[in-house]
Amino acid sequence: MDQALWCTCLILAIICNGWCKGFDFMDFTPIKFKLYPQDHQHIVVNWTVDSALENVTYEIQVARTENFNLIESVNISTKSQNSEEPFQTWTWTSKLPLQCTDHSVRMRLIYNYNSTFVDSWSQWKTHTGKKINVINCYHVNESVIVTDECLAHDYIRFLLTRFSPESSPRLSPRCFLGGGFCPCVVRFFFSSDEGAHDVWDEPQIFPSEEVFQERSEVYFCCVAPRDAQVTSITFNRTRYPLISISSQVKAIAVDNLNITSELGVSLVCLDSKGDEGITSNFVTFPPQKPRNVSCETEDLKVWSCRWDPGRPPNLHKRHVHHYALLVENSGHDLIRCDMSSCSFLAVSHLSEYYVTVVVTSSLGQEMESIKFHALDRVFPVAKSLSVIPDVHQANVSWTIEGNFTKIPMICQVQIIPEGNVLTIEQTGGLALHFSCQLENLKPSTQYSVKVQCAVSGRRWRKWAGPLFFNTHPLVLLDIWRSIQALPSGRRVILTWRTYTSDMQLDVKSYEIRLQQENSLGTLWTNTTSVNPQVNQTEFFIDEQGCNISVYANITAGISVASHIFIPPAKHSENAVIPKRVVGSVRTGFMLSWTEDPSAVCGYTVEWCHNGSGVLPCTPSNLQWQTVRRSNTSLSLKAGSFMGGCRYTFNVLRCREDGHHLIETHIGYLQEQTPTQFVQIQNYPVVTSSSATIEWSFPEDDPRHPGFISGYLVTFQNGHWSDQNHNSYNLSIDNPHRKSITVNSLWESREYSFCVQPCTSAGPGPSTCRTFRTSPDYTHFWVKILIPVIFLFGCCILLWPYWKRLRSTVVEIFTHPTKVNVNVLQLDSSLYETSERIRALTVEDCLCCDLEIIEVKPGVAECKCLVYPNEASCSFAPLTACCCTELTDDVWGDPVSERGVSVCNFTYSPTFTEVSFCRSSFSSDGLTEGQPVQPHDTCTTDYVVSAEDQDATGPIVFST
């Protein structure tokens, strides 16, 4: 009754609402929808849409468990459905696996047009989850009807495998386990309730044996058996907090999953009875987009595509990525491929291809597409590559196969290690044959060739090869000759050196072929075979020219011939002036010559191994070196030469008519001191002051250990073996000058000289001789005549002064020289000053002999000394005098018969310039006690002061 009343009220409210809004009443039919699981995480809702309705909204609610706990509500708006398909689909994604519990869906319609009309809710439609205690509710032999529509066939198979073998399940004809989803009726027959209970005696974990995406969040649930509850859930040995779904269902949330190995990650559930459920799941990454997709063909018949699959998979058995290729514009189906490559047949009418690579797995799908022109991706490969080698060349051949009709092709051949590339072009066809010749190869050398081909004007792709091969050995003969003239012809000694690129190569024999025209103009040929151990031979020819060829017989055949032409005997060589060349013990010889335009086949330099001093040069010692026409120099290493040995290098130009001398060079690797002695000719031409020496020496002898640069002449006083005498050297820089004259020698004296030849290394052995200069009488007479003439001249000059000179001489020789003492007169002021400064000090003198050499004193001075008590004398008288008495010999004239004593005194070197008068007097008429009347003569002199020991006054003497 209440329900009918409620419905009546609802209808009236809707009618009123529509009337007030100005709309007619609309009669809605109930919504019919279907519910089925897409997988264990998705539920698909499909319903029919009325095309007459516009601007309607469908409200959908999703509930969980038997109690219909609402977990999500969504509104889906639709417009007018003009399409032929009147169905609407909505897919709901569940975080919790659908096996964990029941999931129910209901929906209603909301009409929006100026007003809102809400339809009633539909009935709940439930997707049943895993219920462990459901089966035990049925009795034996009772049918179990699975009414849930479109259960996954693998879920049904799972249910079937959970029962014991004794049970007999029967499927209805409408259930197909092979694929798709369908409503199924399953009938089970059990023998007892206990059999069904044993199947569900442990907790069940969902999802199980599933694959999840890396870094995602996943919910795991555990369903406990009847009369039990879940106590813990452990994921990868870590316990997680439980999320309650129902009394028997618990769940956990695990985020940021890491990839696992093939064993997966463990999940353990423990219930209240102690039972344990264990399962494992797997984590991997979703499909990755193929990278660097490229397709190519070798023959335009089969295309091969390759790509980079990216990250290598961690699961190979349970989770496989499926690769497929689709040529979109070919009309062909998908082609199953490997993980990184795929092939398909070419389509003849296509010039451009659209290719897509698809990667799928349970976690999703990725694809990559490319577009290309067919000729841009054609890379033909050379096949049947072969090489036929020779000494300096090789023939290479190959083929390319494919459908290249009317397509221009180009190939390149590269030789290694040189790296040279040879290009060959050819118009295409079904099968193309290529060949080329490689030049300038080294003999006895390993090479390899690679070949690449492409469509002309397109890209290169890959090389075919490398193919290795060895060139044949090279045998070269370097020949030379020496010619000796004979009375009836010429003797030719032929010498050769063998050069081979293979040291292990054996020469079987040598062949010498001579071609010469005789006097009648007939050409004749003579062939001689020589043992391989011999490298020379000789033969006789006439005056005509001769052409000589030498061959070497080896295993591979006959070597390349070497030729030399002997010019006719009537040809005469031009005279050349030898040029000196300086060698070095480090660098050897460096020869250079003037270029000759007529040297069409180069130059040859010959020399003797033992040097020019050993003549004649034997064939075994004959050495030669061939130089190209473009070169005008030759460097010879020092190891092939000896020091102190002269070498003569003949430079010959090569022409069609033979070899001709153009220059000659002589030199030493290292010069040494001479070894030969100088030969002194006759006795030196000697005078009283000079000597001329001459000698002989073969300065141009090639046996010398160096170029003679001159001579060293050493002169010495006395015998050459006496080392005490001084010597001096004279150098002569001209080796052709062999005489020297030495001047400024002493007469009648013995001299020695030595002569030594010199090179740049120093002087050689010396040859010595001794000679004596002749006396020079001219000097003797000069020594006598000069004094005589001088005396004679003096006598002539002094003759007018003879009388005066005579008196002077007589006075000198008749009157002896006497010393006069002159006593100077001191004034009182000088005496007082001397007393004040104590210049003279009186000392005791035991004996003093004073001799003063001076002119005769004046009368006044003598008077003061003789008569000190005179009033005119201002100084004290001398006392206590005992020494020398002054007599008349002192004064020159007798003054008095009494003597005057000179007392002892101390002499002080005090000199005073004074003026005094010298009195001259005569002794005639002197009377004792009477003064002498002198004749005064005033002069300026120096006074020497002295002081008496006992007196207080100084004594002054004139100097």
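C768 has a relative accessibility of 17%, so C768 counts as buried (buried means under 20% relative accessible area, exposed over 50%, partly exposed in between, with a 1.4 Å probe and protein chains only). This is a predicted model: local features need pLDDT of at least 70, side-chain atom pairs count only at pLDDT 80 or more, and totals for chains, interfaces and linings use all residues. Residues are numbered from 1 along each chain as its sequence is written, and side-chain values use heavy atoms, with hydrogens and water left out.

C754 and C768 form a disulfide, with sulfur atoms 1.9 Å apart (a disulfide is a pair of cysteine sulfur atoms within 2.5 Å). The pair links distant parts of the chain, 14 residues apart: C754 lies in strand 57 (residues 750-759) and C768 in strand 59 (residues 767-772). Strands (E, at least two residues) and helices (H or I, at least four) are DSSP runs, numbered from the N terminus. The S-S torsion of C754 and C768 is about 105°, so this disulfide is right-handed. C754 is buried, at 13% relative accessible area.

## The bond between C222 and C269

The sulfur atoms of C222 and C269 sit 1.8 Å apart and form a disulfide. C222 belongs to strand 15 (residues 218-223), and C269 to strand 20 (residues 265-271). The two are 47 residues apart. Their S-S torsion is about -90°, so the disulfide is left-handed. C222 is buried at 1%. C269 is buried at 0%.

## C337, C342 and the count

C337 and C342 form a disulfide with sulfur atoms 2.2 Å apart. Its torsion is about -65°, so the bond is left-handed. Both cysteines are buried. The count comes to eight disulfides.
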